[in-house]
Amino acid sequence: MKKVILQQDEKDCGVACIAMILKFYRTEIPIHKLRELSGTDLDGTTAFGLKKTFEKLNFNCSAIQADNDIWQEKELPLPLIAHILVENKYMHYVVIYEVRGNTLLIADPAKGKEKKLVSDFSKEWTGVLLLPIPTDDYQPRKEKVAGLSSFVPLIWNQKMIVFNIILASLFITFFGIGSSYYFQGILDYFIPNQAVSTLNVVSVGLIVIYLFRVLFEYSRNYLLVILGQRMSISIMLRYFKHVLTLPMNFFATRKSGEIISRFLDANKIVDALASATLSVFLDIVMVVIVGTTLAIQNGTLFLITLASLPFYIVAILAFIKSYEKANQEEMVAGATLNS
């Protein structure tokens, strides 16, 4: 089991387990589609619903009641789904993807990967197992989910604003590079040669350049606000129209907070598109320009700067999972609060 699929809601543990097993067999189906197939409602998903879902996807799925002796079976089909009782009151589903002696390797859609001894696992296990096995008619398939790329046309519709933002950012960067050369000139030429009159002229010119830089920064921020407002209107109207066309069973199987919180998530989408996407493009351009300038000025400093990139990448990779988990918890908490 290479990757754990975390549940989007406390009632989605069953369909998240289905998604993990399907992923193991090279099939990808969106969680919302699995919810419809399994009949997930506000009370969660039944074992019967999980079994029927696998059968609809060309799996043979046996639902059995077992004891700890089953973990000694050499032909036990893995991965499988186990039904547990968390803290003796919360029903939950987990995936058992490997058995190593008396240790079970578990993919928990609420916590991630973990290891438990059979004796410890038996304290919360209800004895119910689902054993999905692909039939001869099974064919892997992938249903794509629209990502941020589906919102790219929204940015293209505002191409003039985006172009002006990029242009303003380029001017700001050039002004920053120019000021660096100014301070270099002070230290290397004006002070040693006592060229006071020339220094005064250049200083006045630099002050004018700084004023233009402030003007460009204001213009860029103003255009970013306009871009964000226009994209927010487009995204929220599209979502609102989509919600109005959904069947009634969609609303019956979800908390009101889940639907409302998706409206609030529109701001995150706008930030990801208007800010992050543009920032990535601009940062790449800036890195190329500033890196080339630094390499021309001093090759040693350029190599030192380049050597620090691996540490920066490692730091990002070290915290990305924690950030994703925190973001997921924030979304769940927001849905609960709004409900």
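# Salt bridges, helices and patches

Me: Starting with E124 and K116, are they buried or exposed?
Reply: Buried, both E124 and K116. Keep in mind that this is a predicted model.

Me: What do the side chains of E124 and K116 form?
Reply: A salt bridge. The N to O distance is 2.3 Å.

Me: How many salt bridges does the count come to?
Reply: The count comes to 9.

Me: Ok, next one. Which residue does D12 form a salt bridge with?
Reply: D12 pairs with R35. The closest N and O atoms of D12 and R35 are 3.0 Å apart.

Me: Why does that pair tie parts of the chain together?
Reply: Because D12 sits in the segment before α1 (13-24), while R35 belongs to helix α2. Those parts are 23 residues apart in sequence.

Me: And D12, buried or exposed?
Reply: D12 is buried. R35 is buried as well.

Me: What about K142, which side chain does it meet in a salt bridge?
Reply: That of E28, at 3.9 Å from N to O. This pair links distant parts of the chain, 114 residues apart. K142 is in the loop between β6 (125-134) and α5 (152-157), and E28 is in the loop between α1 and α2.

Me: How accessible is K142?
Reply: K142 is exposed, because its relative accessible area is 60%. E28 is at 30%, so E28 counts as partly exposed.

Me: Which residues are linked with E28 and K142 in a network?
Reply: K23 joins them. Salt bridges link K23, E28 and K142.

Me: Switching to helices. Which residues of α2 are buried?
Reply: In α2, residues 31-38, the buried ones are I31, L34, R35 and S38. They cover an arc of only 105 degrees around the axis, so they lie on the same side of α2. R35 is one of them, and R35 is also the salt-bridge partner of D12.

Me: Why would residues three or four places apart point the same way?
Reply: Because an α-helix has 3.6 residues a turn.

Me: What comes just after α2?
Reply: G39, with a positive phi of about 75 degrees.

Me: Now α3. Which residues are buried there?
Reply: G49, L50, T53 and F54. Looking down the axis of α3, they fall within an arc of 135 degrees, so they line one face of the helix.

Me: And what is on the other side of α3?
Reply: F48 and K56, which are exposed there.

Me: Backbone next. Which residues does the cis peptide bond join?
Reply: L78 and P79, with omega about 0 degrees. P79 is in the loop between β1 and β2.

Me: What is the phi of R26?
Reply: Positive, about 65 degrees, although R26 is not a glycine. R26 lies in the loop between α1 and α2. R26 is exposed, because its relative accessible area is 60%.

Me: And the phi of N58, positive or negative?
Reply: Positive, near 65 degrees, and N58 is not a glycine either. N58 lies in the loop between α3 (47-56) and β1. N58 counts as partly exposed, because its relative accessibility is 34%.

Me: Is E73 buried or exposed?
Reply: Exposed, because its relative accessible area is 51%. The cut-off for exposed is over 50%.

Me: What makes the nonpolar patch?
Reply: L303, L306, L309, Y312, I313, I316, L317 and I320 make it. The patch is about 790 Å².

Me: Which helices supply at least two residues each to it?
Reply: α11 (299-307) and α12 (309-338). α12 gives the most, with 6 residues.

Me: Pick one. Where is I316?
Reply: I316 is in helix α12. I316 counts as partly exposed, because its relative accessibility is 43%.

How values were computed
Residues numbered from 1 in each chain as written. Predicted model: local features only at pLDDT ≥ 70, side-chain atom pairs only at ≥ 80, totals over all residues. Heavy atoms only, no water. Buried < 20%, exposed > 50% of the residue type's maximum accessible area, 1.4 Å probe, protein only. Helix = DSSP H or I, 4+ residues; strand = E, 2+ residues; numbered from the N terminus. Arc of directions from axis to C-beta. Salt bridge = Lys/Arg side-chain N within 4 Å of Asp/Glu carboxyl O. Patch = residues over 30% accessible without salt bridge, like charges linked within 9 Å, V, L, I, M, F, W, Y side chains within 5 Å. Areas by Shrake-Rupley, 256 points an atom, 1.4 Å probe, with all protein chains shown as cover.
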